[in-house]
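Hi,

Here is the structure I promised to send over. Have a look at it first, and then read on for what turned up when I went through it.

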Amino acid sequence: MKAVCILGLAISLALLGGLAYLTYYAGWKDPAEQGNFFRELRSFDALLLERPETAPRRLNVLLDRLEKKAIGAESRLSLLKRRRNLVRQGNYGSQAEFKKAYREAAERAAAAFPFSEPLAAAAADALLQEYPGQFPDEVQTKLRQYAGLFSEKRLLPLALDIRVLLGDLSDPAPPAGMPLSGNLLAGGVSGLSEAEREGFLINAVLQSLLAGDAAAANSQVVSLLDSQGITERVLRFAAEYFYDTNPLRAAGLFSRFSDPPSLGRLADSLRLAGFREGAAEIWTVLVSPGDTPQDLLVRSLYNLASVSTDEQKRIAYYERLLSQAPGHVYGIIGYSRLLDTGRAEGILAEAGTLPELELLRRRLEGADIGPRELRRGVAETWLLLGRHPREEGLYRWGAWYFDRQRQFPETALLLRQARINGIDSPALVFHEAFRLIRETKLGEAEALLREADPGVWQVPANLGLIAESRRALSPALEYYESAYVLIKDRHDAAKVQLKIARCLHMLGRDEESRRALETVLELEPENLNARMELRRRAPAL
């Protein structure tokens with residue numbers, strides 16, 4: 001199993017290769033410094049090509065010198081990639097020296113940018129390179145610390161790999177202790193106890209998910225549920241599995257349990273499946289006097305306040321929530337939205353970072369946007385970022401606000417500041433791509449979007465926009481159709497369907513284009529562009 005995990009880890013780290021070897025790095029105040037850094041980087045790469053026998057110590061010294069000149073998380077990551085290649089390639093002499101230097105440099109980078117997930121991933125990889133067998137306690141602590149930072153979808157397999165390697169998942173024993181020989185795999189799991197068999201099969205599901213084989217994972221879970229003498233452990237595992245893939249089936253499994261936490265998961269599953277009223281009934285039971293744990297009580301009150309259509313009930317739920325958890329940030333924000341401006345500002349002004357953002361948002365949305373108000377909004381956004389330079393959510397909102405107000409130079413400055421502070425948010429990737437598209441740097445924008453999560457509809461939609469601008473209509477159409485499948489919002493779906501109609505028309509497929517325009521009107525009956533285009537194409541009487 002450990003070999004399988006290491007393979008999954010290698011796949012996960014390969015994703016980091018998309019962060020270009022020689023890309024644009026922001027953060028240098030002096031362009032000359034940036035130029036010197038790039039020249040030395042190119043000189044290092046040339047040295048490896050021309051003189052691969054160079055002593056390990058000299059290579060490490062050169063990279064140490066470049067590290068002192070590096071600005072920002074991305075330049076550190078580029079240097080770590082070179083150190084990792086030295087470790088992986090066997091023709092550069094002493095691997096032990098390279099492994100030690102890679103680990104030390106990765107730990108320095110992760111400490112300098114504690115919120116950068118790619119740097120944390122590199123630091124975890126460096127530890128695993130140097131300690132391929134049993135992990136000392138301090139190494140286990142660091143690996144768990146790094147794994148706990150990962151929230152990006154592309155890095156979640158790495159976090160799961162680490163948890164499996166450390167024995168933190170369903171089986172209490174580390175995976176190395178499992179008798180997973182070839183003979184056992186060939187002969188089934190009959191040689192294991194029932195508890196060991198369950199642990200083996202559950203970890204097999206996790207490995208299928210790591211390998212990206214959702215069909216195999218689903219089949220394995222169904223087989224677990226069909227087995228004789230199904231246990232509570234299997235039922236709960238299957239319920240959690242289906243919570244992400246089939247919430248209605250998850251609700252059926254959670255309904256077999258009567259403890260408050262399981263009822264909470266049942267309600268959450270019902271809400272995901274679209275049965276909001278059923279979920280609200282269960283949350284109402286959970287907030288009634290009884291033995292509901294405090295965290296579940298607070299969550300149930302918040303959910304009731306969020307789904308209720310009666311404003312007075314919403315206010316009552318929020319007030320009870322805040323009496324139980326006075327610092328509940330989203331409860332404060334939701335409650336403030338039901339109050340008049342004066343009372344809302346009084347509550348938000350004392351409540352921390354996100355409520356500060358909510359207060360700023362209310363002020364800006366309530367103002368008539370003229371030049372003076374716009375300058376004030378930009379200034380207040382920067383002041384808020386200055387007070388909370390490590391708050392990722394502020395950067396996401398600031399980029400959205402600047403782009404919406406067409407303050408594109410401010411967006412560029414914000415993205416540069418985010419890189420300097422090690423803020424690595426997938427949402428900011430889109431704003432960076434939009435900036436590159438505006439500057440007609442289509443190749444760079446395309447490369448950036450290809451590294452992003454393909455399950456987010458904006459990725460294929462903007463790749464389609466780039467392809468269309470190059471008159472590559474067939475690829476553009478494919479991208480738009482891929483984006484349309486992923487969209488849930490009707491307004492966004494109508495916008496993309498309109499682009500599909502345009503591509504079809506330009507490809508000479510007019511009948512299909514007309515059907516696409518009709519789909520736009522089904523999504524948005526008042527869509528003026530679709531109506532005018534259909535009218536223009538109507539045959540003359």
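Predicted model: local features only at pLDDT ≥ 70, side-chain atom pairs only at ≥ 80, totals over all residues.

**What I found**

The chain has 30 helices and zero strands, and 45% of its 541 residues are buried.

Let me start with the nonpolar residues. In soluble globular proteins, nonpolar side chains tend to be buried together. In this chain, the largest nonpolar core has 45 residues, and the ones with the most contacts inside it are V221, L225, F237, F242, L253 and W283. The biggest contributor to this core is helix α12 (residues 232–245), which supplies eight residues.

**Two helix pairs**

Next, the packing of α13 against α14. The axes of helix α13 (residues 247–254) and helix α14 (residues 260–272) come within 8 Å and cross at roughly 155 degrees. Angles over 145 degrees count as roughly antiparallel, so α13 is roughly antiparallel to α14. Their crossing is left-handed. On the α13 side the contact is made by P247, A250, A251 and F254, and on the α14 side by S262, R265, L266, S269, L270 and L272. By type, the residues of this contact of α13 with α14 are seven nonpolar, two polar and one charged.

Now the pair α16 and α17. Helix α16 (residues 294–307) and helix α17 (residues 311–324) have axes that come within 8 Å and cross at roughly 155 degrees. That angle makes α16 roughly antiparallel to α17. The way α16 passes α17 is again worth a look: the crossing is left-handed. From α16, the residues in the contact are Q294, L297, V298, L301, Y302, L304, A305 and S306, while α17 brings in R314, Y317, Y318, R320, L321 and Q324. Sorted by type, the contact of α16 with α17 has nine nonpolar residues, three polar and two charged.

**Two residues further along**

Is N462 buried or exposed? N462 lies in helix α26 (residues 458–469), and N462 is buried because its relative accessible area is 11%, with the cut-off for buried at under 20%. Not counting residues up to four places away in sequence, N462 touches F434, I437 and L449.

R470 sits in the loop between α26 and α27 (473–486). With a relative accessibility of 41%, R470 counts as partly exposed, since that class lies between the 20% and 50% cut-offs. Which residues does R470 touch, not counting those up to four places away in sequence? They are L442, G443 and E446. For L442, the C-alpha atom is separated from that of R470 by 9.2 Å, and the two residues are 28 residues apart along the chain.

Cheers

Key. Residues numbered from 1 in each chain as written. Heavy atoms only, no water. Core = buried A, V, L, I, M, F, W, Y, C linked by side-chain atoms within 4.5 Å. Buried < 20%, exposed > 50% of the residue type's maximum accessible area, 1.4 Å probe, protein only. Helix = DSSP H or I, 4+ residues; strand = E, 2+ residues; numbered from the N terminus. Axes fitted to C-alpha atoms, helices over the stretch in contact; angles between N-to-C directions. Parallel < 35°, antiparallel > 145°, perpendicular 65-115°, else oblique. Left-handed = near helix turned anticlockwise from the far one by under 90°. Contact = heavy atoms within 4.5 Å. Nonpolar A, V, L, I, M, F, W, Y, C, P; charged D, E, K, R; others polar.
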